Amino acid sequence: MALVKCNECGKAVSNVAPTCPNCGNPIQPILIEQTAKMWKGPVLIAWLVLIAGIFLFLTTNEQGKEIVKFAMYLGFFGIVVFKVIIWWNHK
Ligand SMILES: [Zn+2]
């Protein structure tokens, strides 16, 4: 929880308040949540790549393992990067 400035009246308002208690203007959290949600899809995809990679790794031949390993690194990297972006978007 943090204090944000109401962009209508300029007063300090809790960012968990749905509206400004002073003027009734809707406050940011809705926007913050939407930004974070936007990045949850890519994280899910990255997880799926990683999980699919583990299964493929167990079933594929030596040559395939190299490709799968690369995909898994990408998936893992994706998760880390998107987690940081989500964390960054959470104020
Ligand atoms: Zn206000």
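Leaving aside neighbours within four places in sequence, which residues is valine 49 in contact with? Keep that in mind while you set up the view.

**Before you select anything**

This is a predicted model: local features need pLDDT of at least 70, side-chain atom pairs count only at pLDDT 80 or more, and totals for chains, interfaces and linings use all residues. Numbering starts from 1 along each chain as its sequence is written.

**Whole chain**

Show the cartoon. The protein has three helices and two strands. Helices (H or I, at least four residues) and strands (E, at least two) are DSSP runs, numbered from the N terminus. Along the sequence the pattern reads β-β-α-α-α.

Now colour by burial. A residue is buried if 20 or more other C-beta atoms lie within 10 Å of its own, exposed if 12 or fewer, and partly exposed in between, with C-beta atoms placed from the backbone. Of the 91 residues, 8% count as buried.

Contacts come next. Two residues are in contact if their C-beta atoms, placed from the backbone, lie within 7 Å. Among contacts with a separation of 6 or more, 36% join residues 24 or more positions apart.

**Select 40–59 and 62–89**

These are helix α2 and helix α3. They pack at an angle of about 155°, with axes 8 Å apart. Axes are lines fitted to C-alpha atoms, for helices over the stretch in contact, and angles run from 0 to 180 degrees between N-to-C directions. The pair is therefore roughly antiparallel, a term for angles over 145 degrees. The crossing is left-handed: the near helix is turned anticlockwise from the far one by less than a right angle.

Show side chains at the contact. From α2, pick out Trp47, Leu50 and Phe57, among others. From α3, the residues they meet include Met72, Phe76 and Phe82. By class, this contact has 15 nonpolar, three polar and two charged residues. Ala, Val, Leu, Ile, Met, Phe, Trp, Tyr, Cys and Pro count as nonpolar, Asp, Glu, Lys and Arg as charged, and the others, Gly among them, as polar.

**Select Val49**

Valine 49 sits in α2. Back to the opening question: its contacts are Ala71, Leu74 and Gly75. Valine 49 counts as partly exposed because it has 17 C-beta neighbours inside 10 Å. Draw a C-alpha to C-alpha distance to methionine 72: 6.6 Å, across 23 residues of sequence.

**Step to Leu48**

Leucine 48 is also in α2. Is leucine 48 buried or exposed? Exposed, because 11 C-beta neighbours lie inside 10 Å. Its C-alpha is 9.8 Å from that of methionine 72, 24 residues away in sequence.

Technical notes: Parallel < 35°, antiparallel > 145°, perpendicular 65-115°, else oblique.
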